[in-house]
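Me: I would like to learn how to read pockets and nonpolar cores in a model. Please take them one at a time.

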Amino acid sequence: MPLTFTLDPAVTLELRDGILDLWADVTAAGGAVGFVPPVTREQIRPELTRQLVAMEEKRSRLLVGHDEEGRVAATTFLTFNTHRLMTHWIWLYTVMVHPRHQGRGYGRDLLAAAERSARGFEGIEAIRLTCRGGLGLEHFYASCGYKEVGRVPGAIRVAPGDERDDIIMLLPLT
């Protein structure tokens, strides 16, 4: 059963808890979403709060995918640039699909929903994201139409002695 995607859902306690659970579960499964395991919901909460504040300030928008049981199964944040020379493209942050749903094409569905959403934003010509090297994520994003446009070697320190490349990907919308 496909996910049901909603752009800018009402931010309820249930949604916040669902995102925290998703973020913790994705991290625990080895997902590259800003943390390394082990991580708790309470460690993630400040980052989610920053994202929710950005949404309240209209600097970011939330895309959520719910599964057939109504649970948060996928999310990403579409974030606008505040620099006046870069307002023609957006960032895609924290692309997550719950581990119980991986392998069903929901990651592709999430990226397609993000692209459709971005195409509806006035003046937006591209989506940019970064991903952690060493996991093959750049190949997944490339298969979804993103192009690698840059790489910073060793920019992400997962642990002492474990540095990964920060890979910059771009999806032109025009």
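Predicted model: local features only at pLDDT ≥ 70, side-chain atom pairs only at ≥ 80, totals over all residues.

Reply: Residues are numbered from 1 along each chain as its sequence is written, and side-chain values use heavy atoms, without hydrogens and water.

Me: What volume does the largest pocket have?

Reply: A pocket is an open set of points on a 1 Å grid over the protein atoms alone, where a 1.4 Å probe fits, with protein on both sides within 12 Å along at least five of seven lines; lining residues have an atom within 4 Å of a point. Volume is the space filled by probe spheres set on the points, which are joined across faces, edges and corners. Here the largest pocket has about 810 Å³. Its lining has 35 residues, and Ala32, Val33, Val95, Leu137 and Tyr141 are the closest to its centre.

Me: Which residues of the largest nonpolar core touch the most other members?

Reply: A nonpolar core joins buried (under 20% relative accessible area, 1.4 Å probe, protein chains only) Ala, Val, Leu, Ile, Met, Phe, Trp, Tyr and Cys residues through side-chain atoms within 4.5 Å. In soluble globular proteins, nonpolar side chains tend to be buried together. Of the 27 residues in this core, they are Leu78, Leu92, Ile127, Tyr141 and Tyr146. Apart from this core lies another, of 19 residues, including Phe35 and Leu62.

Me: What is Ile127 in contact with?

Reply: Contact means heavy atoms within 4.5 Å. Leaving aside neighbours within four places in sequence, the partners of Ile127 include Ile90, Leu92, Tyr146 and Met169.

Me: Is Glu56 buried or exposed?

Reply: Exposed means over 50% relative accessible area; Glu56 is exposed, at 66%.
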